[in-house]
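Here's a walk through one protein chain, taken piece by piece. Have the coordinates open as you read.

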Amino acid sequence: MSTSDQASASTPGEAGKPGKPGKADKPGKADKPGKADKPVYRDRAYRSPAGLVGGVLLLGLFGWLGGDAVVSGEGRTPWLALASMLVAVPLVVAFSVRPAVFANDDRLRVRNPFRVIELPWASVVSLRSGYTNEVIDESGAKYQLWAIPVSLRGRKKAARHQAREAHRAAKAGGGGRTAPDGRPVRAETDQVMADLRELCEARAKAAGSQGEPSVRWAWEIVGPAVAGAVLLLVLIAVG
């Protein structure tokens, strides 16, 4: 409930107190059931900027080459170009533009190339960082976070910063370098994973964070890619 809503809601029994006329609740000011269970903030979205840029460039290249083949090609060339684009475009979208991770007070939603995984915080056992970033649920299933790729270069850069600042702090008698909010300097994706772990720990026991994980296939990606592959195989076979 927001601060303004709390201010407008009357304390139970306040209207009936003697010597305080005019304190009855105003119409329409009653609390709405369940309002306190809503997330405090909207979904935080995490994506890979490099993946987005690379995907857009590839889509532009495929559109240019494929469009030229469709318009200028002869015989079966336009059909082959269309079938190839029907296979390639969904795959490029799946691995570059589509991946995203969304987090709110209740759950983590992972949009991977071919699946969408929804994990209430209570069902999350750990968020693990190694050579890839992964989330593990209570059944032991692991799901890779495609939208939050590990940056070994970023880790090395952060480690060099830490080493330099620790050396300087040792001479000055202080501690190692920390971020402006007091946290240690980390690679960007490692910091994202740390933030998600903190949110998971804070919300795992909340009523709105209970439930079972759900996984669904991204048929909007799989369908066109399979159809294009079948069409391409047929055109090659009959050619």
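Predicted model: local features only at pLDDT ≥ 70, side-chain atom pairs only at ≥ 80, totals over all residues.

## Helix H6

Start with H6: at 1.5 Å a residue, its 20 residues should span 28 Å, and its end C-alpha atoms are 28 Å apart, which agrees. The expected span of a helix here is 1.5 Å times one less than its number of residues. Helices (H or I, at least four residues) and strands (E, at least two) are DSSP runs, numbered from the N terminus.

Ile 221, Val 222, Ala 225, Gly 228 and Leu 235 are buried in H6, and what covers the buried residues of this helix includes H3. Buried means under 20% relative accessible area, exposed means over 50%, and partly exposed is in between (1.4 Å probe, protein chains only). Gly 223 also sits in H6, which runs over residues 219-238, but Gly 223 is partly exposed at 32% relative accessible area.

Residues are numbered from 1 along each chain as its sequence is written, and side-chain values use heavy atoms, with hydrogens and water left out.

pLDDT is the predictor's confidence in each residue, from 0 to 100. The chain has a mean pLDDT of 80, and 70% of its residues reach 70 or more. Where is confidence lowest in the chain, and where is it highest? The lowest is in helix H1 (residues 3-8), with a mean of 42, and the highest is in E4, at 97. Over residues 1-39, pLDDT stays under 50, and the model has 18 contacts beyond four places in sequence for that stretch. Contact means heavy atoms within 4.5 Å.

## The nonpolar core

The largest nonpolar core has 20 residues, and Val 101, Leu 108, Trp 121, Leu 127, Val 135, Leu 145 and Leu 196 touch the most other members. Such a core is a set of buried Ala, Val, Leu, Ile, Met, Phe, Trp, Tyr and Cys residues joined through side-chain atoms within 4.5 Å. Two or more residues come from each of strands E2 (100-103), E3 (107-111), E4 (115-120) and E5 (124-129) and from helix H5 (188-203). H5 gives the most, with five residues.

Take Leu 145 as an example. Beyond its neighbours within four places in sequence, Leu 145 is in contact with residues including Val 101, Val 110, Leu 127, Val 135 and Met 193.

## Salt bridges

Count a salt bridge when a side-chain nitrogen of Lys or Arg is within 4 Å of a carboxyl oxygen of Asp or Glu, and you get three. Glu 220 is partly exposed at 42%, while Arg 98 counts as buried at 9%.

Asp 106 and Arg 203 also meet in a salt bridge, at 3.7 Å from N to O. Asp 106 lies in the loop between E2 and E3 and Arg 203 in H5, so the pair ties together parts that are 97 residues apart in sequence. Glu 134 and Arg 128 form a salt bridge too, at 2.9 Å between the closest N and O atoms. Glu 134 is buried at 17%, whereas Arg 128 is partly exposed at 38%.
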